[in-house]
Each structure stands twice: as C-alpha cells, then as structure tokens.
Amino acid sequence: MNYKITNGTLLLPDGESLQTEKADLYIRDSVIAAVGGTVPENFGNFETVDASDRLIMPGLINMHTHAYMTLLRNYADDVDFSEWLFNRCMPVEDRLPVEAAYWTSLLGCMEMISTGTTCFIDMHMYHEQSCKAANTAGMRGYIGRGLVGEDLYTDGLSRFQGCLDEQEKYGSDMLKFILSPHAIYTCSEKLLRQVTEESEKRGMLRQTHLSESETEVDDAIKKFGRTPVEVMRDTGFLGEKTILAHCVQMRGDDISIIAESGSSIVTNPASNAKLGNGFAPIEDLRRAGVNVCLGTDGTASNNRSRLLRHLSSTARREMPRKPSTGKESWA
Ligand SMILES: [Zn+2]
C-alpha cells in the first residue's frame, strides 16, 4: 500500500540537530519514497492520510520496559521499592496465567504504539508471550527473559534454553533476544559471568537493572565490599553490548567505570520518582561520555508508557524557595 501523508509537520534532520517543516510525505511499500514536492513518478495508487495538527517523526525506542506489567497499573501505589517489588508485584507475577501474560503484553504494545513508540526493550517472565504480542502489534523489539539464580546452566537452564528457542522462533529483523539477568540481588556473580560469556559467544546484547535503589547499593557494599557497578565490572558484564537500567544511586567511581566500559544506561525518571529511588545523575553521566537512553520501565511503576511524557521528566527542576515570612495565608 502507498500513502501520501499531508498537512502534517515533519521532524527532519538538519546537520546534528533537528528542524520542523510543513510538507507532504510519500510512502511506498512501507518505505519513504519522497519528502515534499508533488506525487513521485510511478507512485501508483495511494491513500491520502490527513495529518493536520500531527508531528511526523521516526518511531521512538523505549529502551527499558516490562510490557506484561500493564495489567498491574496502579496495583501497588505509594509504597517503597522493596515492598513494591517483593511483596506486591512478584507474588502477582508468580500467579499470572500464560494467557493473561499475552493480553497484558499486547495492551502494553498498543499503548506504546498509540503514543509514538515503535520499538521496545523488554524483560519478561513469559518472554514468549511478549514475542507473540510484539508480532501481533507489528512492533520491533529486543525481548529478554528475566534470569535469576546461582547458575545459568542449572537454576536458569530452562529459562535460558527458552530464550534460545524463542530466538530461533522469532529472531528476525523485527524481533531479537537480549540476555537479561534481573539484578545483582537476584543473580549470583557466577551467573552474571556465565551470561556475559554466552552473550559474547552468541553476539547477543545483555541488560540488567543496576543501582536502582539506595538499599541495593548499601546491601552490595555490606555483602561484597563493592558497589553494584564494581561487582558488575568484576564479572565482566559491563561493555559495549551492555544496557544498564536505572543507575540512579551512583557512588565513588561508578560513573567513570560505566563510561570506560562503553555500556549504555537507561534512565527511567517516572519510575524512579514513583518508587522513591531518586533521580539518575544524567548530566554527570553524559559529561563522562556515557550513552544515556530513555525508558518508561513497567506500567506498574510509571504509570503510563507514553515515552515523550517521560522525556519531560528528565528535566530536573530546582523549585525556587522563598524564605518564609511566617505570615503566609493558606486560605
Ligand atoms: Zn525494570
């Protein structure tokens, strides 16, 4: 099918920045055939789409989410991170029927598409349902199965094998797999090393949650005598194939360790705010040369998957505070 998209505002590259321009856009068989001007030669039959009051731009990429959590929106509000994760979300996840996992993932995909996101990086218990949902929705994605435990080849074998099977089944230009150990507090150092080796051997990307909460960092320092970032560095997990979600609580040399490794980080400002975890030091990370990406995290903690809304949350605003006169009226 061919389309002429008219009356919209195009977002176009202009050197290293972007510009907007009112022009028609012609699409032939899913590929941009022309920008502006009259109908291209041999364009054939086409449908005209009126894009008045619309911005036309490339699809957004949600770099960290859990599409299956869409069903858990508002399920656990106003509680701290540990309560939210261990006592509220995880018990529900354990009871989630497979069919529900598909429908909730599809709902997540629909919410992303309707707000401009066409590609997402996912971490899921039922990764095969994420794949199915992404296929149904026609989205691109990197899908991961959250891995936990002591040993990838014993505790996590069926899950790991499941990832490989799904890679075989769905691996395409649209959908790929990403190895996804959950976090340092649910995975052993051994498992993290094993995942790193498999990722390097198979040329697969890897992701994890890292330094999301103060408790995670304090516990790591108590248990390992190192920050979570240092633990990850020592397992070899950091590197150019690595995506680190959150990185809110950076201590000591954490930022320079991440920068030197070439890892990318994903900031999820709404999720971090909702769970009371803080605000990632985005400016410091960028100044150090780290590739900083944007994610929504799951809908249980964001509470909407509209990525542009999360972009506005990356602007840290220092609220001006006037000294109290003691005579303010609150009427
Ligand atoms: Zn997450």
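Visitor: What makes you say that Ile258 touches other residues, and which ones are they?
Guide: Contact means heavy atoms within 4.5 Å. Leaving out residues up to four places away in sequence, Ile258 touches Val229, Leu244, Cys247, Met250, Ser263, Ile265 and Val290. By the way, this is a predicted model, where local features need pLDDT of at least 70 and side-chain atom pairs count only at pLDDT 80 or more, while totals for chains, interfaces and linings use all residues. Residues are numbered from 1 along each chain as its sequence is written, and side-chain values use heavy atoms, with hydrogens and water left out.

Visitor: Why is Cys89 called buried?
Guide: Buried means under 20% relative accessible area, exposed over 50%, and partly exposed in between (1.4 Å probe, protein chains only). Cys89 has 1%, so it counts as buried.

Visitor: How do you know how many disulfides there are?
Guide: You look for a pair of cysteine sulfur atoms within 2.5 Å. The structure holds zero. Take Cys89: the nearest cysteine sulfur, that of Cys187, is 18 Å away.

Visitor: What makes His64 a ligand of the zinc ion?
Guide: Donors are N, O and S atoms within 2.8 Å of the metal (3.2 Å for Na, K and Ca); water isn't among the atoms, so sites may look incomplete. His64 (NE2), His66 (NE2), His209 (NE2) and Asp297 (OD) coordinate the zinc ion at 2.0 to 2.5 Å.

Visitor: Why is the site of the zinc ion called irregular?
Guide: Four donors are tetrahedral if all angles lie between 85 and 135 degrees; four are square planar and six octahedral if opposite donors are over 155 degrees apart and all others between 65 and 115; anything else is irregular. Here the angles among the four donor atoms run from 87 to 169°, and the site comes out irregular.
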